[in-house]
Amino acid sequence: MNKVPTDARSIRIKGRSFLAVVLSPDLPLDAWLIRLDDLAARSAGFFFGRPAVLDVADLKLDRTQLKELVDELTRRNVSIMGIEGARPSAIAPGMPPALKGGRPASDFEVTTSDPAEAGTTDDMASEAGEVRAEEPRPALQSLVIREPVRSGQSVVFTEGDVTVVGSVASGAEIIAGGSIHIYGALRGRAMAGAVGNASARIFCRKLEAELVAIDGVYKMAEDMAPGLRGQPVQLWLEDDAIMAEKLK
């Protein structure tokens, strides 16, 4: 009888969640890609280093069409980590893998419409429960939200700092190209330096965050020091790690 050698040491497999942008194209794809180019032109670096999932559940694309779409996104430096909603037969070898079972998060959209359409766009944003920043003039480098950010809302401002005069509820999200200042409790998610700004910081009067991130480096609630919970805190990036200290 042949003996099979065994190793008493186990292989550790961990489960872990990561945040990713989910792109949901609509038809015609050429027009959608033009809007995507407009976003990239107005918010340089928006997709740089940011993982993305391609959701094609609402489209009926064959293998050739899906591959062409992935190639178009790759040429735009959009890193597709997986494809959701595609038929298994449509995913060719060498393409990003199929994904399913993702946990939904609050949506955010970046408006690419003309100023003449701003009124209609704002009405739609209000109905969807989203907070959208108007496209700033070049001299404007900060956005001030003079009300609490409610659960399910997203504030996206990649051109500079975001200041919230109030609290950020659990399930809400702030994404800023610069620093984030919250004059209340931070219970949701705050992502500063979203387009590649390692010097960005996060300030809040009361830290109860679900997640914080600076320049793509994330820290979940369970990873934060217990002594900082409920305290006024500032967070910054140092040697690819998020540091935090109480504000005096």
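Predicted model: local features only at pLDDT ≥ 70, side-chain atom pairs only at ≥ 80, totals over all residues.
Me: Two strands pair if DSSP finds at least two bridges between them. What makes strand β10 and strand β12 a pair?

Reply: Count the bridges. Five join β10 (residues 180-186) to β12 (residues 202-207). The cut-off is at least two, so they pair. The two strands run parallel.

Me: What makes a stretch a strand or a helix?

Reply: Both are DSSP runs, numbered from the N terminus. A helix is H or I over at least four residues, and a strand is E over at least two. β4 covers 98-99, so it meets the strand cut-off of at least two residues.

Me: In which sense do β12 and β15 pair?

Reply: Antiparallel, over three bridges. Strand β15 spans residues 233-238. Here Ile202 stands opposite Leu235 in β15.

Me: Why are β1 and β4 called edge strands?

Reply: Look at the order of their open sheet: β1-β2-β3-β4, with parallel pairing. β1 (21-23) and β4 each have a single partner strand, so one side of each is left without a neighbour in the sheet. Two bridges join β3 (residues 80-84) to β4. Glu84 has Leu99 as its bridge partner in β4.

Me: Which helix packs on this sheet?

Reply: Helix α2 (residues 63-75). It touches β1, β2 (52-55) and β3. Its direction makes about 150 degrees with that of β2. Such angles run from 0 to 180 degrees between N-to-C directions, using lines fitted to C-alpha atoms, for helices over the stretch in contact.

Me: How do you know that Ser179 is buried?

Reply: Buried means under 20% relative accessible area, exposed over 50%, partly exposed in between (1.4 Å probe, protein chains only). Ser179 has 12%, so it is buried. It sits in the loop between β9 (173-176) and β10. It touches Asp161, Val162, Ala192, Ala200 and Arg201, leaving out residues up to four places away in sequence. Contact here means heavy atoms within 4.5 Å.

Me: Why is Asn77 called exposed?

Reply: Its relative accessibility is 61%, and the cut-off is over 50%, so it counts as exposed. Asn77 lies in the loop between α2 and β3. Its phi is near 60 degrees, a positive value in a residue other than glycine.

Me: What makes Asp37 and Arg76 a salt bridge?

Reply: A salt bridge needs a side-chain nitrogen of Lys or Arg within 4 Å of a carboxyl oxygen of Asp or Glu. For Asp37 and Arg76 the closest N and O atoms are 2.6 Å apart, so the pair qualifies. Asp37 lies in helix α1 (residues 29-42) and Arg76 in the loop between α2 and β3, so the pair ties together parts that are 39 residues apart in sequence. Asp37 counts as partly exposed, at 33%.

Me: How do you know that Lys67 and Asp71 meet in a salt bridge?

Reply: The N to O distance is 3.2 Å, and the limit is within 4 Å, so they do. Both lie in helix α2, four residues apart, about one turn of the helix. The whole structure has nine salt bridges.

Me: What makes a nonpolar core, and which residues have the most contacts inside the largest one?

Reply: A core is a set of buried Ala, Val, Leu, Ile, Met, Phe, Trp, Tyr and Cys residues joined through side-chain atoms within 4.5 Å. The largest has 30 residues, and Leu186 and Ile202 have the most contacts inside it. Neighbours within four places in sequence aside, Ile202 is in contact with residues including Ile180, Leu186, Val212 and Leu235. A second, separate core of 22 residues includes Val21, Leu54, Leu69 and Leu73.

Me: Which peptide bond is cis, and how do you know?

Reply: The one from Leu27 to Pro28, with omega near -5 degrees. Pro28 lies in the loop between β1 and α1.

Definitions and conventions: Residues numbered from 1 in each chain as written. Heavy atoms only, no water.
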